[in-house]
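Thank you for letting me take a few minutes of the meeting.

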Amino acid sequence: MSQTHPFKPIFDKNSKILILGSFPSVISRKFGFYYTNPQNRFWRVLARILNADLPESIDEKIKFLLSHHIAIYDAAISCEIEGSSDAKMSKIVPVNLNPIFKTANIKQVYANGGKAYEICKKYLEDEIIKATKNEVIKLPSTSPANAKFSLEKLAKEWQIIAKNLKPLKEKIQKLFL
């Protein structure tokens, strides 16, 4: 069944990294926000690697992302999809990342899982490299379908995000000292 992406990207002018998923799950589409399936480990992984409290409400999640200079969106703006399975995605139309890249100074793009990475490489690579001067980095999916990765193993792999944000935090702290 053909689906169009139901949410706006989350970003502001201070966003430095962009995390792209593939396409919102059935549960996320139902609840109207990114990664709302309680089995998805996205929010738990980010909270763990950033040593932050787990955001609960949509407002808390938006504030959490923006306070850590993180933008999120998905790589597909529309597709044919059965249920929530990335493997069942077809007729993919990629998103337009230009509004994000024009507003924010994104330094690195991360793909949340194989399908997001595949879409980035196939459709968005030139745009990403032109904007960031870096290739997209593939991270293991936080989806419950990626059962072979425990929360601990995901956090270890996703730690690269915290490492890339650390110099930014240090720079900001020096400005206020």
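In this predicted model, the side chains of lysine 115 and glutamate 118 come together in a salt bridge, with 3.1 Å from N to O. Both residues belong to helix 5, which covers residues 114-132, and they sit three residues apart, which is about one turn of the helix. Are the two partners buried or exposed? Lysine 115 counts as buried because its relative accessible area is 16%, under the cut-off of 20%, whereas glutamate 118, with 44%, is partly exposed.

Glutamate 125 is partly exposed at 23% relative accessibility, and lysine 121 is partly exposed at 27%.

Lysine 121 also forms a salt bridge with the side chain of glutamate 135, at 3.3 Å from N to O. This pair links distant parts of the chain, since lysine 121 is in helix 5 while glutamate 135 is in the loop between helix 5 and strand 7, 14 residues apart. Glutamate 135 is partly exposed, with a relative accessible area of 46%. Taken together, Lys121, Glu125 and Glu135 are linked in a network of salt bridges.

Let us turn to helix 3, residues 58-67, and ask which of its residues are buried. They are Lys61, Phe64 and Leu65, and, looking down the axis of helix 3, we find them within an arc of 95°, so they line one face of the helix. The face turned away from that buried side carries the exposed residues Asp59 and Lys63. On the buried side, the residues of helix 3 pack against helix 2 and strand 3. Following helix 3 comes histidine 69, whose phi is positive, near 65°.

Next comes strand 6, residues 108-112, in which five of the five residues are buried, so the strand is largely enclosed by the rest of the structure. In a regular strand the side chains alternate between the two faces of the sheet. Here both faces are covered, with Gln108, Tyr110 and Asn112 buried on one side and Val109 and Ala111 buried on the other. Strand 2 runs parallel to strand 6 and is joined to it by four bridges, and one of the pairs is leucine 20 with alanine 111. Strand 7 also pairs with strand 6 in the parallel sense, over three bridges, and here asparagine 112 has leucine 139 as its bridge partner. Helix 5, where we began, makes a right-handed β-α-β unit with strand 6 and strand 7.

Finally, where is threonine 142 placed? Threonine 142 lies in the loop between strand 7 and helix 6, and it counts as buried because its relative accessibility is 1%. Its side chain makes a polar contact with the side chain of asparagine 40, at 2.8 Å. Leaving aside neighbours within four places in sequence, threonine 142 is in contact with several residues, among them Tyr35, Phe42, Asn112 and Trp158.

Key:
Residues numbered from 1 in each chain as written. Predicted model: local features only at pLDDT ≥ 70, side-chain atom pairs only at ≥ 80, totals over all residues. Heavy atoms only, no water. Salt bridge = Lys/Arg side-chain N within 4 Å of Asp/Glu carboxyl O. Helix = DSSP H or I, 4+ residues; strand = E, 2+ residues; numbered from the N terminus. Buried < 20%, exposed > 50% of the residue type's maximum accessible area, 1.4 Å probe, protein only. Arc of directions from axis to C-beta. Contact = heavy atoms within 4.5 Å. Polar contact = N/O pair within 3.5 Å; in protein donor to acceptor, adjacent residues only side chain to side chain. Pairing = 2+ DSSP bridges. Right-handed = clockwise from strand over helix to strand, strands pointing away.
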